[in-house]
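Reader: I'd like to learn how to read a protein model feature by feature. Could you walk me through one, starting with the aromatic rings?

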Amino acid sequence: MSTSIQAIRGMNDILPEQADLWTFFESTVDDWLRGYGYRPIRMPIVEQTALFKRAIGEVTDIVEKEMYTFTDALNGESLTLRPEGTASCVRAVLQHNLLYNAPQRLYYNGPMFRHERPQKGRYRQFHQVGVESLGFAGPDMDAEHIAMTARLWRLLGLPDIELQINTLGTSEDRARHRARLVHYLEQHHDQLDEDSRRRLLTNPLRVLDSKNPAMQALIETAPKLLDDLDEVSLKHFEDLQAMLRDAGIEYRINPRLVRGLDYYNFTVFEWVTTKLGAQGTVCAGGRYDGLIEQIGGKPAPACGFAMGVERLLALLEEYAFLAPRIAADVYVVHQGEAADKFARAAAERLRDQGLHVILHCGGGSFKSQMKKADASGARYAVIVGDDEAAAGEVSLKSLRELEDQVRVALESVVSLVRRKIE
Ligand code: ATP
Ligand code: MG
């Protein structure tokens, strides 16, 4: 006998039990984003590998070791399952010339793929809600992104998520800083792990992004990029902080926050909770003014952020949040030849009138059908026997409240059920 086929490690099924929470989250997010004028965009899940190498940077965890890359057997092209959405979103915007005469506020929601070691809050297929504002240069847009996420936490009832901010300055700032950092790291060469020794030569700022606990003390005392900023960078950062203070948003400056992707400049931020163990960052983003040009577009400023959906849902569960159960309005039980026929037509009539209806399929006694009706979560059972069918009527029984069963004309079902729901 062959062994049964299982889902791929780190790639999860989302079962109906959990799906109500996902649906609640996604509809809250859609409302919230439209409330700020953001419009949805959907990109393909597979892109040319070159896009991610160019956008995210060759010397990053993602590109070095986390991408699902394969060769298209038909034409030999190197393709990659998207590890994040910003690169694809910018590619789509450029390809369709969306920035031609207007800046864009965009969002998307979907699966991303990274070959990481699966653990709580870290999966190989996970989901992000990504938000990108393209064509906006000022700190007012950075502030909008942070203020809107703060609002989402309020909408979801999530307290105690800490906002950490930092600035990565300009590429000139980073070049200046690089020299100081390299000097410091070389002095402590014996304490560097293998990855960091390599990065010291290729992309020293990435050493600060190391997740290796043994490296943290060294990282903590490294020179700070904040001390190498020019006036323009400092002003952007200070203006942003003034806007956050105006909005009453608390933040902590974390000079070690560098983010795992190369495309950022100026503002970077993360929202972090202590309730999820090591995988505490639920939302992360920042400004990436160089990316559009890097992908081949006319230079334009931009910024964005992405939320980890699994982590946010885990946090909702931590706070014992119960998603509203999405159940049918009525479950139709029926027995007898004339009743079956009448019930099928009745279910369609009720759906015409806007009710959500489960029609019992598969026969069985009234008693066993009623059990299924109850288990379905529906509010009402609509009961049809040959008797009812002959009269063009049904019996209506509440499955959730103590109410007498009533026999009514099919036409009255919708108003009786509605009166109860509204
Ligand atoms: P981390 O430091 O946790 O690896 P990251 O810096 O790689 O995160 P980003 O690329 O900024 O993450 O992605 C934005 C958000 O997406 C993260 O803050 C997190 O909430 C979520 N995320 C990233 N990788 C995963 C993953 N493998 N599984 C689940 N969620 C993830
Ligand atoms: Mg990562």
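Author: Happy to. A pair of aromatic rings is described by the distance of the centres and the angle of the planes. Rings of Phe, Tyr and Trp (its six-membered ring) pair if their centres lie within 6.5 Å; planes under 30 degrees apart count as stacked, over 60 as edge-to-face and the rest as tilted. A search of the whole structure finds 5 such pairs. This is a predicted model, where local features need pLDDT of at least 70, side-chain atom pairs count only at pLDDT 80 or more, and totals for chains, interfaces and linings use all residues. Residues are numbered from 1 along each chain as its sequence is written, chains are lettered from A and ligands numbered from 1 in the order in which they are written, and side-chain values use heavy atoms, with hydrogens and water left out.

Reader: What are the distance and the angle between the planes for phenylalanine 24 and phenylalanine 321?

Author: Their centres are 4.8 Å apart and the planes make 35°, a tilted pair. Phenylalanine 24 sits in helix H1 (residues 16-34) and phenylalanine 321 in the loop between helix H11 (309-318) and E12, 297 residues apart. Helices (H or I, at least four residues) and strands (E, at least two) are DSSP runs, numbered from the N terminus.

Reader: Why is the pair of tryptophan 153 and tryptophan 271 edge-to-face?

Author: Because their planes stand at 80°, with ring centres 5.7 Å apart. Tryptophan 153 belongs to helix H5 (residues 139-156) and tryptophan 271 to strand E9 (residues 265-272), so the pair ties together parts 118 residues apart in sequence.

Reader: Is tryptophan 153 buried or exposed?

Author: Buried means under 20% relative accessible area, exposed over 50%, partly exposed in between (1.4 Å probe, protein chains only). Tryptophan 153 is buried at 4%, and tryptophan 271 is buried at 4%. Phenylalanine 321, at 26%, is partly exposed.

Reader: Which residues touch the most other members of the largest nonpolar core?

Author: In soluble globular proteins, nonpolar side chains tend to be buried together. A nonpolar core is a set of buried Ala, Val, Leu, Ile, Met, Phe, Trp, Tyr and Cys residues joined through side-chain atoms within 4.5 Å. Here the largest has 47 residues, and Leu134, Leu185 and Tyr263 touch the most other members. Helix H4 gives the largest share, 5 residues. Apart from this core lies another, of 41 residues, including Phe25 and Phe269. Tyr263 also forms one aromatic cluster with Tyr264 and Tyr288.
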